Amino acid sequence: MLSVLIFAPLLGALLVGLFPAGVNGKISRSIALIVAGLIFLWTVILASQFNPGEVNQQFSEFLPWIDALGLNYNLGVDGLSLPLLLLNGLLTGIAIYSTDESLQRPRFYYSLILVLSAGVAGAFIAQDLLLFFLFYELELIPLYLLIAIWGGAKRGYAATKFLIYTAVSGILILASFLGMVWLSGADSFSLTALDAKSLPLATQLLLLGGILIGFGIKMPLVPFHTWLPDAHVEASTPISVLLAGVLLKLGTYGLLRFGMDLLPEAWAYLAPWLAVWAVVSVLYGSSCAIAQTDMKKMVAYSSIGHMGYILLAAAAATPLSTLGAVMQMISHGLISAMLFLLVGVVYKKAGSRDLNVIRGLLNPERGMPLIGSLMIIGVMASAGTPGMVGFISEFIVFRGSFAVFPVQTLVSMLGTGLTAVYFLILLNRAFFGRLSEQVINLPRVYWSDRIPAFILAALIVIFGIQPAWLIRWSEPTITAMVNVEHTVATVSLEPTKSQN
């Protein structure tokens, strides 16, 4: 059942490439949209059959592959990966639907998006370290091409920078994975066969360092963040939706699955420093967002700040904080995707994202009143307004982290206030006041431009009012995972403390 999530989009990409594109790429777009819709429907079927009370991997698939390397085709899904699979399926469909019909080379474009979806899904369900790495690297190729070919004026620079950063990330992650397997004496790369917890603390710290920097680049965390604003600004709107909504979650997922879960002793040892790192990312990302005049770059820097919340929750490593980290992944995916969609509509109709140029877009007669209203909802959700999923995810993060890191948590909470500041600046400049002369004759905004944002806004409110519908999938898995790690870390560190 899980292989469908990998091979169906690959088959769809092949079909898109073989069939004629049609007028304005309509045939290619229709095939890609049908394939993405079927994949999302299949993911929903998986979720309906998923047993939340079962903490082990479900729908497991195993096939021996390359015995000499210890590489097996091993798939599974649990409460950590299932919500991310649903998010990937949803946002892939939205990205395809939101693509401009005047797109050049549509067959290649839609094929790359489907290959990207397959790579991301494979990474989330891989239960083999080397298999995860293969999928992790697979998504790099289509995303690089999507930015380099269909991006903005500086797309070559942004795509190359993304490629270099992500390549370094992959090298560090692969080195850590190889070290775990070889040093622990495991005969394969399977997660179930690996016993990295038995390694000496110094060795664990070295391996964890590679994982932290590797996935820290992908998230990204300060100071490895500089590729993200450039990539977002130059990428087209649908690609920004996938980049912020799904691709960054590979980094957060990797930290939880391969850092906190496999090396709990080293993780507990470094946890205070990780909490400080989280505070720096939150404050730096939020402060940089305040200084931006490009709407898209402001939303990009906001992502850096919100990724810091996930690191803080993971550093605390309590069942509640880790559950909050998963919630924050989904929350940020929905909210950032919605914000990038709305900024894309503004840019498409107004021809600018510069806050010094556009004003008064909330004007009911000549502006974009519905787009402005949706933007207000997205901003409120990102700033943690009660009744929306952003509030509940941040509340769980702070509530779960406070008991372990009270000072770092309180300082990180300043990020929510800074979020309100920079997004209020965006709203005040772009949507309130008189319409500026540069955008006084705006083209009509069609319902096709609004529907994706309406879907995301509905989910943001629904999960904000009823978060249990989202939490129920992950809570048992996270609780079991964190309790086991806490026991191992406590037992391992206690002799050191007694000696001191």
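The model is predicted, so local features need pLDDT of at least 70 and side-chain atom pairs count only at pLDDT 80 or more, while totals for chains, interfaces and linings use all residues. Residues are numbered from 1 along each chain as its sequence is written, and side-chain values use heavy atoms, with hydrogens and water left out.

Let's start with the rings. The structure holds 19 aromatic pairs; rings of Phe, Tyr and Trp (its six-membered ring) pair if their centres lie within 6.5 Å, and planes under 30 degrees apart count as stacked, over 60 as edge-to-face and the rest as tilted. Two of these pairs are set out here.

| Pair | Centre to centre | Angle between planes | Class |
|---|---|---|---|
| F162 and W227 | 5.5 Å | 55 degrees | tilted |
| Y309 and F398 | 5.4 Å | 85 degrees | edge-to-face |

F162 belongs to helix α7 (residues 155–184) and W227 to helix α9 (residues 227–234), so their pair ties together parts 65 residues apart in sequence. Helices here are DSSP runs (H or I, at least four residues), numbered from the N terminus. Y309 in helix α12 (residues 295–316) and F398 in helix α15 (residues 389–402) are 89 residues apart.

Are F162 and F398 buried or exposed? F162 is buried at 1% relative accessibility, and F398 is buried at 10%; buried means under 20% relative accessible area (1.4 Å probe, protein chains only).

Charges also meet rings. R29 lies over the face of Y97, 5.3 Å from the ring centre, and the charged end of R353 sits over the ring of Y347, 4.7 Å from its centre. This term requires NZ of Lys or CZ of Arg within 6 Å of the ring centre and within 35 degrees of the ring normal.

Methods:
Helix = DSSP H or I, 4+ residues; strand = E, 2+ residues; numbered from the N terminus. Buried < 20%, exposed > 50% of the residue type's maximum accessible area, 1.4 Å probe, protein only.
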